Amino acid sequence: MKPKISRTMIIFVTVIAASMLSSLANADSALMRDGFKRPTDIPFPEENGYTDAKAVLGKMLFFDPRLSRENNITCASCHNPSFAWEDAQTTSVGTPMSRLGRHTPTVLNLAWGELFFWDGRSESLEEQALGPIQAGGEMAQDLDLLIAELKAVSGYVDMFEAAFPREGITAENIGKAIATYERTIVSAKAPFDHWIEGDENAINAAAKRGFELFNTKAKCASCHDGWNFTDWSFHDIGLGDADEGRYEVLDIDVLKHSFKTPGLRNINERAPYMHNGSLATLEEVVEHYDSGFVKRASLSSEMQELNLTKGEKHDLVAFIKTLSSNDPQVSLPKLPN
Ligand code: HEC
Ligand code: HEC
């Protein structure tokens, strides 16, 4: 009798302890999940509030090759909605057919952004938009010539007047219209969001273990946090190329080789990865963080060898893939003439 009773008790105590631990773990996991809830509204700045007229015009400009010198490249040539607003190239090709120094980043979810470009050299989407139009390697266009060209298109004259009454076609308004359209480019709900909202079946067990790892042992969330999985800050994660990133903008030693943390939404449609497009798959990205990075003075202190097991690496990738949404088809605008 005696051993039997104590065995029952042991089982009883173990069950209680396990259920306490698991409710603790659930509370932890609920806390972790809270930080990743989607916002309900898109923020628009006061100086450039949302109107339908601006967004419609901005979309036309985004898809109009006449913005480039040779009328052959649009913003969407590189920020292509078919590849989650990137171009599937290691580094993109501009005007003339020349390789750019960096990989095209997505324009998804930039309404929440603070600084733009991989090195943060632009402070607003309005200012940013005029950069690639003029950049030698991108659209190579002269702004005055562009304004004259657009003024000759009566459809544009009317649309600018509607969007910017009594101001019409100016460089500033081109920037404002494009920025307004860009802010409307938001990734839709992914399986991960349905899970966050309480649908336990929205993602599988491997992905749930991956989420836990992402927040704990793998340390990813120390930089990729919040619903868009970025702290919008700059870090050196030890990619081996010579590009100095944010250091070229601010000239502060600790910023050598630092680049903006990209959001991770729709990431499996956005290969290859990193500012130099040097990693081809998510598996390679995980290997990089596990032990593949270059150790140097500017390396982020969050970058330490992770010693992940094969199973853990698999779970991390399974989790990251749940961040991809089935976004609505983007229709091409009919352009004015
Ligand atoms: C030839 C390819 C190409 C074209 C055309 C192009 N871009 Fe880009 N875009 C890039 C590359 C490459 C970068 C990153 C450059 C860097 O960080 O130094 C970039 C960066 C950006 C960013 C910053 C994203 C971020 O996360 O900070 C925005 C916004 C953007 N482009 C919008 C546009 C708009 C609007 C147009 C059209 C007016 C345009 N791009 C045309 C290749 C292109
Ligand atoms: C120290 C901050 C930091 C940590 C920790 C971190 N990341 Fe990153 N992540 C970044 C930065 C910065 C970049 C861009 C680096 C570059 O291109 O030079 C990046 C890029 C990426 C990219 C490519 C995104 C793109 O658009 O090309 C993926 C995927 C990614 N990280 C996943 C992870 C995962 C998974 C982990 C955990 C194993 C992790 N990150 C840990 C800061 C971090």
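This is a predicted model: local features need pLDDT of at least 70, side-chain atom pairs count only at pLDDT 80 or more; totals for chains, interfaces and linings use all residues.
Mentor: Buried means under 20% relative accessible area, exposed means over 50%, and partly exposed lies in between.

Trainee: Which class does Y289 fall into, buried, exposed or partly exposed?

Mentor: Because its relative accessible area is 21%, Y289 counts as partly exposed. H224, in contrast, is buried, since its relative accessibility is 10%.

Trainee: Which protein atoms are donors of the iron atom of ligand 2?

Mentor: One looks for N, O and S atoms within 2.8 Å of the metal. Here the protein supplies NE2 of H224 and OH of Y289, at 1.9 to 2.1 Å from the iron atom of ligand 2.

Trainee: Where in the chain do H224 and Y289 lie?

Mentor: H224 sits in the loop between α9 (205-215) and β1 (234-235), whereas Y289 belongs to helix α11 (residues 282-292). The two residues are 65 residues apart, and the pair thus links distant parts of the chain.

Trainee: Why is the arrangement around the iron atom of ligand 2 octahedral?

Mentor: Six donors count as octahedral if opposite donors are over 155 degrees apart and all others between 65 and 115. The 6 donor atoms around this iron atom subtend angles of 84 to 179 degrees, so the arrangement is octahedral.

Trainee: Which polar contacts does ligand 2 make with H224, R270 and M274?

Mentor: A polar contact is a pair of N or O atoms within 3.5 Å. In this model, a polar side-chain atom of H224 is 2.8 Å from a nitrogen atom of ligand 2. The side chain of R270 places an N or O atom 2.7 Å from an oxygen atom of the ligand. For M274 the contact comes from the backbone, a polar atom of which lies 2.8 Å from an oxygen atom of ligand 2.

Trainee: What is the secondary structure of the protein as a whole?

Mentor: The protein has 12 helices and 2 strands. Of its 337 residues, 48% count as buried.

Note on methods:
Residues are numbered from 1 along each chain as its sequence is written. Chains are lettered from A and ligands numbered from 1 in the order in which they are written. Side-chain values use heavy atoms; hydrogens and water are left out. Donors are N, O and S atoms within 2.8 Å of the metal (3.2 Å for Na, K and Ca); water is not among the atoms, so sites may look incomplete. Four donors count as tetrahedral if all angles lie between 85 and 135 degrees; four count as square planar and six as octahedral if opposite donors are over 155 degrees apart and all others between 65 and 115; anything else is irregular. Helices (H or I, at least four residues) and strands (E, at least two) are DSSP runs, numbered from the N terminus. Buried means under 20% relative accessible area, exposed over 50%, partly exposed in between (1.4 Å probe, protein chains only). A polar contact is a pair of N or O atoms within 3.5 Å; within protein, one must be able to donate a hydrogen and the other to accept it, and residues adjacent in sequence count only if both atoms are side-chain atoms.
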